[in-house]
Amino acid sequence: MICSVSTLAITGIQGCCVMAECYISNGLPGFDIVGLPDAAVKEARERVRAAAKMSGFTFPVSRITVNLAPANVKKAGSQYDLPIALSILCAAGAIRHPTAKTAFLGELGLDGGIRPIHGVLPMALAAKREGIQNLFVPAENAAEATLARGPKIYGVSNLRQVADILNGKSAAEPAEEWIPAEQNQKTLDFADVLGQENVKRALEVAAAGSHNVLLIGPPGSGKSMLAKRLPSIMPRMTREESLEVSQIYSVMGMLSAKEPLVTQRPFRSPHHTISNAGLAGGGSNPKPGEISLAHMGVLFLDELPEFRKDTLDLMRQPLEDGRVTISRASGAVSYPSEFMLVCAMNPCKCGWYGDVGGRCTCSERSVQNYRSRISGPMLDRIDIVVEVPSVHFEELRQRKVAESSEQIKHRVDAARSIQHRRFGENTGLCNARMTSAHLRQYCELNDTCASLMKQAFDAMGLTARSYDRILKVARTIADLAGAEKIGPEHLAEAIQYRAVNLGNP
C-alpha cells in the first residue's frame, strides 16, 4: 500500500512543499529513505522505529520504502521525522490518511515526543503560498508558525497525540496568533555619550539615510560606545522587515518560543578573527553569515584593519546588491544582506597617531602600512568617514545632559518619512539605496553646487561611485533639514564626510 503525507523543505530561507511517500511491500524486512536525503534524514529510520513502538504502535516488519518527493531537491534536517512516521503508520492502516491540505513538521525523540526544529517560519510562509490549510508543528514552534498568518497551526507534543487527532479520538484547537508585547526594553542611549557632537551628527545622518560609516580615532575616544547606540536612533522595523529578519534567525535556530519575532534592529559585532564563511555564510549546507544576520540592522566591525583583507573584500558585492549568494556543487543559495556597515579603527598600530602629547611610536611607513590593509574598493563603498577625537577633561566633568536618542530619532524618523513619500511606502528604499535614475531625479545640482562638486572631485580624486555616494549623503542631509533641493550647505557637509585621507598619513 502507498500513502503520501505533505511536509515542507527549506533551501536558504525559501520553503517548498515535499511529499513523504511510503510503500510497504512483501520481502525481506528493510527500511530505505530515498529522495536526496542527508545524514540527518537517513538517521530518521531509527528515530521513527523507536518512536512508533514507544507510542504503542506495531511497526511493520516488511519492506518499507519512503520517498521524499520531488527527488531532485536535497533534503536536510530532522523536520521529516514526523511526516515519515505518519506515512508509514498510514500505509500500515494504523491511522487515517490526512487530507491533502494538511502538512506536518517535527523531529521525533525515541520516546515518541516531538521536538522543536529550525526554520519553521519560512516553511509556514511557504505553506501559506502553497494553499496548505492545516499545519502541525512542534508545540514549542507553534507561536513562530502563527506569524505566517496563513494555515491553521496546531502545536503537538508527541506522535500519539497526532495519531489520535487524525483518527478522530481527540480534538485539537488551533494556536492563536502570537502578538509581540509593547517594547519596554531599555536600550543604550546617546545621552550617555559626553561630547563628540560632530560624530553624533554624522551618525544621525547615517541613520537617516542608512549610510555606511567609518569612525577613526584613538583608543578610548568612544568609537564602540557610539556605534552600539546607533540602533537606538534608527526607525522601528515594519512587520515585513521583522518577518524577513526573523526568517534568517529561524533558519539559524536563534528564535525563542517566547520571542519568535525579531522586533529590534539587529546589531552584530563579529570579532576580527572571523572566517570568510562566518562573515558571508557557507558550509556544506549553506547557512547565513554575519552580514545576513545584520539584515535591516547594523554590522559593526571594530578594529577594521585587523580583519583579513580577503574577508573584508567578501562584503564588496553584498554592499552593492543587498544580497549574498553562496554557491556550492549542490546548488546556490541567496540570503538578504541589506545592512548598515559601521566600522571603527585606530589611526595607526599603536593608536596615537596625531596625538598632541606625542605618544605615537609608529613610523610614517608603519602608519601607511596599517591603513593600507583596507582596500581602496572597500573604502569607496563607505559613505561617511569621521574622526573621533579624544574627549577632553572638561567635557567629562560637565553636568549638562547630552541630547537623548529619542530626540535624535525624532529627526531621523522625519527624514525617513520624506524618503517613504519619495520612493513609495512599500518599496523599502532609502537614500543609500538610490539608483542612477533616482539620483538624476532627486539629486539635481544647481550651478553653485555643481561648481563646488567639481572642485571637490578634482581636489580629492573622487571616483564615479564616490560622486554618487556624496550626492546620496547630501540628499539625506537636505531631508534632515526639510529642504526640497540640495543646497550648497548640504553638499559641503557631505563632501566633508569624505575629506579624511586614509591613503597617506
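Two strands are said to pair if DSSP finds at least two bridges between them, and helices (H or I, at least four residues) and strands (E, at least two) are DSSP runs numbered from the N terminus. The model is a predicted one, in which local features need pLDDT of at least 70 and side-chain atom pairs count only at pLDDT 80 or more, whereas totals for chains, interfaces and linings use all residues. Residues are numbered from 1 along each chain as its sequence is written, and side-chain values use heavy atoms, with hydrogens and water left out.

The secondary structure of the chain comprises 21 helices and 18 strands, and its C-alpha trace spans about 85 × 45 × 45 Å along the principal axes. Of its 505 residues, 51% count as buried, meaning under 20% relative accessible area, with exposed over 50% and partly exposed in between (1.4 Å probe, protein chains only). Among contacts (heavy atoms within 4.5 Å) between residues at least 6 apart in sequence, 74% join residues at least 24 apart.

Strand β14 (residues 298-301) pairs in the parallel sense with two strands, as tabulated here.

| Partner of β14 | Bridges | A bridge pair |
|---|---|---|
| β11 (residues 267-268) | 2 bridges | arginine 268 and leucine 299 |
| β17 (residues 340-345) | 4 bridges | valine 342 and phenylalanine 300 |

In a regular strand the side chains alternate between the two faces of the sheet. Both faces of β14 are covered, with Val298 and Phe300 buried on one side and Leu299 and Leu301 buried on the other.
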